[in-house]
Each structure stands twice: as structure tokens, then as C-alpha cells.
Amino acid sequence: MFLARVIGSVVSTKKDDTMKGRKLLVLRPVFPDEANPTKLKPGGSTVVAVDALGAGAGDLVLFCQGSSARMTTGMKTLPIDAAIVGLVDTVEVLGKNAA
Amino acid sequence: MFLARVIGSVVSTKKDDTMKGRKLLVLRPVFPDEANPTKLKPGGSTVVAVDALGAGAGDLVLFCQGSSARMTTGMKTLPIDAAIVGLVDTVEVLGKNAA
Amino acid sequence: MFLARVIGSVVSTKKDDTMKGRKLLVLRPVFPDEANPTKLKPGGSTVVAVDALGAGAGDLVLFCQGSSARMTTGMKTLPIDAAIVGLVDTVEVLGKNAA
Amino acid sequence: MFLARVIGSVVSTKKDDTMKGRKLLVLRPVFPDEANPTKLKPGGSTVVAVDALGAGAGDLVLFCQGSSARMTTGMKTLPIDAAIVGLVDTVEVLGKNAA
Amino acid sequence: MFLARVIGSVVSTKKDDTMKGRKLLVLRPVFPDEANPTKLKPGGSTVVAVDALGAGAGDLVLFCQGSSARMTTGMKTLPIDAAIVGLVDTVEVLGKNAA
């Protein structure tokens, strides 16, 4: 899994039937880094993930990719390759809080 | 999932039997970017995806990769690793419209 | 999926039993590019894929990666992560033929 | 699989129900390298993995990605794409110990 | 699949129960390249793969990644994402032998 910040959302009206009613968020992956343990380093590419946990803009989340995204509760038959699996309280790197 | 623009198409006559009649589109992935929230940043590599939603040249779409591409309606047994799962109406980044 | 040119082949005598008799080709991925719509841009890394369609040196093919490679006809139980799914007739980018 | 050092941990209270009670560690992938066989070369991006083997800060571990992460004992239905599968005793590169 | 040279091995005593007795090798991926058809070009990152074919240091092998690694004979329930599927006799690129 990777950590990410929610930076936006996507609206799609004409979509695969299985996707109706799903909330799509834009995520900026961020990476803990022991060279700078109190900061989360932004990654190069954003990702669109399905959210069922109520994440909102600015939230730090944990997301999962690939077929495992479908193991998220209620998503077994969805054509999705990324899903939010947790809202993150704290990240600790080398004993320090990263944010 | 990732966003992409449809930039072309592929025709293959001799193909795996399961692929007969499938429409193959060439996609240029594009990435929302909070440093420039009104623009979608083009990615480095194009992808060929199956389309069952009627996407056409220039359309902004959402696509899915890996085994989840097969969860798209009617594609469970296809040897595909990319499928369009939605036509995109709007992308919002930090409260602004990205296009 | 991605497009590729066949540039070679691999022979392996001692291999997993399930792989006996399978033809292994070396592929150079090539990418349609709207900045230069008549050319296919070569990618950085070659891939070894199973072929059951009779592809040969120089052919332009469409290949699939990951678990979906096993959905190719007759390959369900093979330990393969890349398979050729079609021989390509034409690629169109922004209304032009790419080759 | 890849090798990695444990450099931190993640706490998430609001998460997918299936993830309750799971321990999430931050891993820095490290790569054996025959050009410098006694050193493990740090990779560019950290990963968050589930741990059920009792790994702790500084440990060298082996982790697995993708759907196979769910094959780790007791994790079949979890929405995870990375799991620790072993604590590493020794890595040998070209007959030398790498650390 | 990709080609690779075996450059080392990994020993892990405390590991997932399903992994007991499995041989773990360190692989350096190498890539056929039509710009230099007699050479195999080393890749940037090494990989740890399970071996059941008796590969040893210096051998040129073919390996498979992702869920398909589990299709290797006897590995269906293992938490592995890379497995050796063949020992390579010859690689031919543009009619020349690559080594």
C-alpha cells in the first residue's frame, strides 16, 4: 500500500454499470523518507481511487492497488485497481512523526 | 485508475478468439496536478485499452489496469489488462476544474 | 495492453513442466505518440512473451501483461505474465497511420 | 519479492473493517547489487506493508506485492497489496555477505 | 516474463509457514536489445525469486512476476510474486545469439 493526500475528485456519468454511485477521488501519493523523517515526500503521479470511507480533500489516506483493491468491503465485482483502505492518524518514521 | 485522452485506435484481424469484435483504443494517460490545478499533465507512455462505452477520439476517460480490467461488464474471460470504465464529465483539483 | 515489435526468441529446455512446447518471443514495446503520429516510439525495456498466434520477427503485435496473459486461449494454468493477443494490421493516431 | 528495511509504522483508526488489528509497517526497499556485493542499495520509494511476523524498526525483511500478498497466512480476504513474508538472516551476493 | 542472471541468494529462517523449504535466489534482470544484439543489457533493480528448477549462481533464467508466479508447479498457495520458470539455453536477437 501507499500513503496519499486527497487532492480532488472525478465525476463520470456514463460509466460501467457496476460503478454507479461510487465516489472517485484523486490522490497524490506521498512517501515516508528516513532522510527527512518528519516530512512525507510527494510522488510523481496522481492516481484515481474509489473511496467508501468518507475521505475528503486534504485527508491523508492509505490506498491499495491492483486486484486487492477489490477486496475492499463491497467492491468484489468492480473494475477498479485502486481503493482507499484507511484514513491515516499518524505515520512514524525513525521514531518521529511524519506529516 | 488513471485518466486518459483517447488519441487513436488499433485494428487487429488475427487475434485471440476471445477478442473478436472488441474495440481497441490508444490512450494518453493524463494526471491531475495540484501545482497546476486547471491542467491535466500528459504522461510518458500510451496504453491500448478495450472500450465498451463508446469513447471516441479526444474524449477524456477513466481506465483501469491489471486483472480488474476484466471486471468490466462482459469482459470476464478476455486476455486484457486495460479497459475504459467511464467517460469523464469533470475533474476537480483543489476546488478548480481541470481539463 | 501495449504494442510491440518481435525482435527475437528464447529457447529454454529445462523449464516448468507446464511450459513445454510454448513459443517464447522477445518483444520491443512501441508507443503511439500524438506528437509524432506517424511513428511508433520504441520503449526502454524488452519483454519475453508467449505466442500462440504465429507471430514472427519484425511483426507488430499487441500483448497483454499480468494475470490476464493467462486468459489467452489454452494458457489458463501457465506461469506466464505476458502473452501476445493479436497481430496488428493498423494503428491510427489522430487520423494518421502509425508504423 | 524484494528486500527492505523497516523504517516506520502507520496508524489508521478509521479503516476497512477487514483491516482491524493489522500492523502496518513502512519499508524502504533495498537491492542486492553485484557491483558492490557487500552493500544493499536503497531504492527510491517506500512502501506500506502488513506484518504478521513480528518485524520491528531496522529489521531486514522480504516482502511480496500484488495479489500474492493475500496468500500470506490469514490474509486471504484483506485489501492489501504488500505483506512481509520473511525476516532475513543473510543475503549472499557473488559469494559475499550483503548488509 | 524477463530474463535474468542469478547473482545471489537469501536465507530467511523466520518466515510465513507456507514458505518453509523454498529456495530464494537474487536475480539481476537482463534485457535483449536490438541496438546491440549480441549482448544482454543489465537492468536497474534486482529481484528475489523462488526457484524450483535448480538454478545456480551465474545461470541465465526466465522468470515470471505477479500472481502468475504462483502457477509454477507446486506453488499455488505461496505468497510469492516472482518465480523462475525456465533455465535459458539461447536467446536470439535479430538472428544473432545474445549472451
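Colleague: How many residue pairs are in polar contact across the interface of chain D and chain A?
Modeller: The model is a predicted one. Across that interface the rule finds 19 residue pairs in polar contact, with both residues at pLDDT 80 or more.

Colleague: Which strands of chain D supply the side that touches chain A?
Modeller: Strand 1 (2–11), strand 2 (23–32) and strand 4 (47–51) of chain D each supply at least two residues. Strand 1 of chain D gives the largest share, five residues.

Colleague: And what is the make-up of that side by class?
Modeller: The side of chain D that touches chain A has 13 nonpolar, 10 polar and eight charged residues.

Colleague: How many salt bridges are there between chain D and chain A?
Modeller: The count is two. One of them joins the side chains of Arg28(D) and Glu34(A), at 2.7 Å from N to O.

Colleague: Back to strand 1 of chain D: which strand of chain A is joined to it, and is the pairing parallel or antiparallel?
Modeller: Strand 7 of chain A, residues 90–93, is joined to strand 1 of chain D by four bridges, and the two run antiparallel. Within this pairing, Gly8(D) stands opposite Val93(A).

Colleague: How much area do chain D and chain A bury between them?
Modeller: They bury about 2,300 Å², with 51% of it on carbon and sulfur atoms. In residues, 31 of chain D are in contact with 26 of chain A.

Colleague: Changing topic, how far apart are the nearest C-alpha atoms of chain A and chain C?
Modeller: They are 10 Å apart, and the two chains do not touch. Chain B and chain D are likewise joined by no contact, and their closest C-alpha atoms lie 10 Å apart.

Terms used
Residues are numbered from 1 along each chain as its sequence is written. Chains are lettered from A and ligands numbered from 1 in the order in which they are written. This is a predicted model: local features need pLDDT of at least 70, side-chain atom pairs count only at pLDDT 80 or more; totals for chains, interfaces and linings use all residues. Side-chain values use heavy atoms; hydrogens and water are left out. Contact means heavy atoms within 4.5 Å. Buried area is the accessible area (1.4 Å probe) that two parts lose on being put together, summed over both. A salt bridge is a side-chain nitrogen of Lys or Arg within 4 Å of a carboxyl oxygen of Asp or Glu. A polar contact is a pair of N or O atoms within 3.5 Å; within protein, one must be able to donate a hydrogen and the other to accept it, and residues adjacent in sequence count only if both atoms are side-chain atoms. Ala, Val, Leu, Ile, Met, Phe, Trp, Tyr, Cys and Pro count as nonpolar, Asp, Glu, Lys and Arg as charged, and the others, Gly among them, as polar. Two strands pair if DSSP finds at least two bridges between them.
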